[in-house]
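Work through the following exercises on the protein shown here. Each task is followed by a stepwise solution.

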Amino acid sequence: MASFRPRFLLLITSLFVFIFSLSFAAADQKSFRPRALVLPVTKDANSGQYVTTLKQRTPLVPVKLTVDVGGRFMWVDCDTNYVSSTYRTPLCSSAQCSLANRYACGGCIGEPRPGCHNNSCTILPQNVYNLVTMIGELTEDVVSVSSTDGSNPGRAVSVPRFLFSCAPSSLSINLANGVTGMAGLGRTRVGMPSLFASAFSFRRKFALCLPSDSSSTGALFFGDSPYKFLPGGIDAASLLSFTPLILNPVSFAAVPKPGEASAEYYIGVKSIRVNGKTVPAVNSTLLKLNKEGNGGTRISTADSVFYSTYTTLQTSIYDAVLAAFVLEAKSMNIIEVPAASPFGACFSTKSLRSTRVGPAVPTIDLVMHTRKVYWRIFGANSIVDLGDDISCLGFVDGGVNARNAILINGYQLEDNLLQFDLASSSLGFTSSLRFRHTTCSNFNFTSNA
């Protein structure tokens with residue numbers, strides 16, 4: 001007992017020092033503290049992955065990362081050309097390792113190098129595109145991002161001791177071309193939203209606005225709104241509807257610790273409507289999380305090896321929604337054509353009228369905690385144009401034993417603004433910004449610094 005107390009006090013002291021250093025992290029910030037940060041987001045044409053770029057290391061170099069909204073932390077390939085004079089490795093007994101919920105203490109064979117040090121702590125970075133998890137070293141280095149007033153990027157600010165995981169090069173297999181890691185935005189204390197909030201003393205909040213094509217640039221915000229888009233500086237924060245975020249107490253990490261909660265984001269969809277009519281055959285039990293952590297509705301930007309872009313529905317829900325959509329489409333004189341895999345319902349593109357929110361098709365509403373709060377999906381986010389006069393309903397059958405009843409994925413998120421408030425555990429969401437004559441690609445990335 002006598003030896004425990006000094007160690008405990010040492011841990012508390014080191015934790016205080018670490019948080020204190022984060023709070024005063026930004027370089028050259030004696031008179032400037034950002035209200036929010038912004039990073040660009042692009043859509044990779046070949047993989048469909050959403051990619052952001054930040055600057056890291058000393059000297060600073062651009063690092064491309066695939067956005068993983070439910071990822072537990074940022075990880076980077078440290079095996080290939082990682083050179084930095086400010087790279088640090090926290091000791092295994094440090095506050096940083098405790099904060100990261102370390103997996104084990106590590107050692108190293110050979111000369112120390114990025115990703116390999118004695119008495120370091122290891123965590124488990126995962127690539128959800130190849131379902132591979134590896135052992136990685138918990139690490140600190142400089143990260144630099146642009147501040148923002150919500151209208152433009154402003155001056156660059158830095159976090160000198162930003163926590164992330166080094167990972168072997170092989171973990172980057174199946175990531176988009178040029179990408180060397182993943183940007184984990186999950187609800188952990190070492191997720192990027194929490195680390196930026198600690199560094200700059202703003203609310204644990206981030207907002208994501210994904211672009212709908214590979215020639216445009218969306219935005220990822222950390223901190224407080226506004227989120228203004230051209231033309232006219234429309235503040236998308238004023239368009240948000242809100243629903244509670246639901247904590248899944250069961251982690252689906254590769255090697256979860258006892259009692260570890262999920263870092264992923266869940267919401268409480270209660271029912272589904274097509275063209276304003278409730279789909280009757282949806283099993284409401286599936287829409288709830290069960291004691292094993294399965295079921296419910298999860299939001300993802302990077303999840304499935306096979307259908308990484310489209311929302312998946314458990315088979316019985318998929319069949320019910322598909323039948324309701326086809327029935328309503330026929331009532332609108334939309335011509336059905338043979339389905340094209342992986343989609344279950346396709347239509348003649350020539351029979352679809354165009355609107356500012358995409359093809360004129362039946363709307364799909366995800367109804368939340370009250371019937372008055374619903375996420376409306378218009379044609380721009382429900383219909384996929386395959387060419388050759390074929391357009392399909394962009395939802396995929398997730399299987400009878402799907403882990404989640406509904407997995408809302410990237411295609412349905414594009415040009416919708418999502419605000420994740422970790423402090424209040426709420427999700428703010430819009431329907432397609434096209435309805436307001438703008439898109440996620442209309443943030444003005446011309447710097448005003």
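**Exercise 1. State how many positive and negative side chains the protein has, and how far apart the centres of the two sets lie.**

Step 1. Lys and Arg count as positive and Asp and Glu as negative, with His and the chain ends not counted. The place of a charge is NZ of Lys, CZ of Arg, CG of Asp or CD of Glu.
Step 2. The protein has 38 positive and 28 negative side chains. The centres of these two sets are 9 Å apart.

Conventions: the model is predicted, so local features need pLDDT of at least 70 and side-chain atom pairs count only at pLDDT 80 or more, while totals for chains, interfaces and linings use all residues. Residues are numbered from 1 along each chain as its sequence is written, and side-chain values use heavy atoms, with hydrogens and water left out.

**Exercise 2. Compare the radius of gyration with that of a compact globule, and describe the overall extent and surface.**

Step 1. The radius of gyration is taken over C-alpha atoms, and the globule rule is 2.2 Å times the number of residues to the power 0.38.
Step 2. For 449 residues a compact globule would come out near 22 Å; the protein has 22 Å, which agrees.
Step 3. The C-alpha trace spans about 75 × 50 × 40 Å along its principal axes.
Step 4. The accessible surface (Shrake-Rupley method, 1.4 Å probe) is about 18,900 Å². Carbon and sulfur atoms account for 55% of this surface.
Step 5. Take contacts (heavy atoms within 4.5 Å) between residues at least 6 apart in sequence: 70% of them join residues at least 24 apart.

**Exercise 3. Trace the sheet that contains strand E18.**

Step 1. Helices (H or I, at least four residues) and strands (E, at least two) are DSSP runs, numbered from the N terminus. The protein has six helices and 33 strands.
Step 2. Two strands pair if DSSP finds at least two bridges between them. The open sheet of four strands has the order E19-E18-E26-E27, with antiparallel pairing. Its edge strands, E19 (277-278) and E27 (374-377), each pair on one side only.
Step 3. E18 (residues 271-274) is joined to E26 (residues 364-367) by four bridges. Val274 stands opposite Ile364, and Arg273 has Asp365 as its bridge partner in E26.
Step 4. On the other pairing, two bridges join E18 to E19, where Arg273 stands opposite Thr278. The hairpin of E18 and E19 has two residues between the strands, and Asn275 takes a positive phi near 55° there.
Step 5. Both faces of E18 are covered: Ser271 and Arg273 are buried on one side, Ile272 and Val274 on the other.

**Exercise 4. Is Leu175 buried or exposed, and which residues does Leu175 touch?**

Step 1. Leu175 lies in the loop between strand E10 (153-167) and strand E11 (181-184).
Step 2. Its relative accessibility is 11%, so Leu175 counts as buried.
Step 3. Not counting residues up to four places away in sequence, Leu175 touches Gln49, Thr66, Trp75, Asn127, Tyr129, Gly181 and Met182.
Step 4. Leu175 and Arg298 are 123 residues apart in sequence and 22 Å apart in space, C-alpha to C-alpha.

Methods:
Buried means under 20% relative accessible area, exposed over 50%, partly exposed in between (1.4 Å probe, protein chains only).
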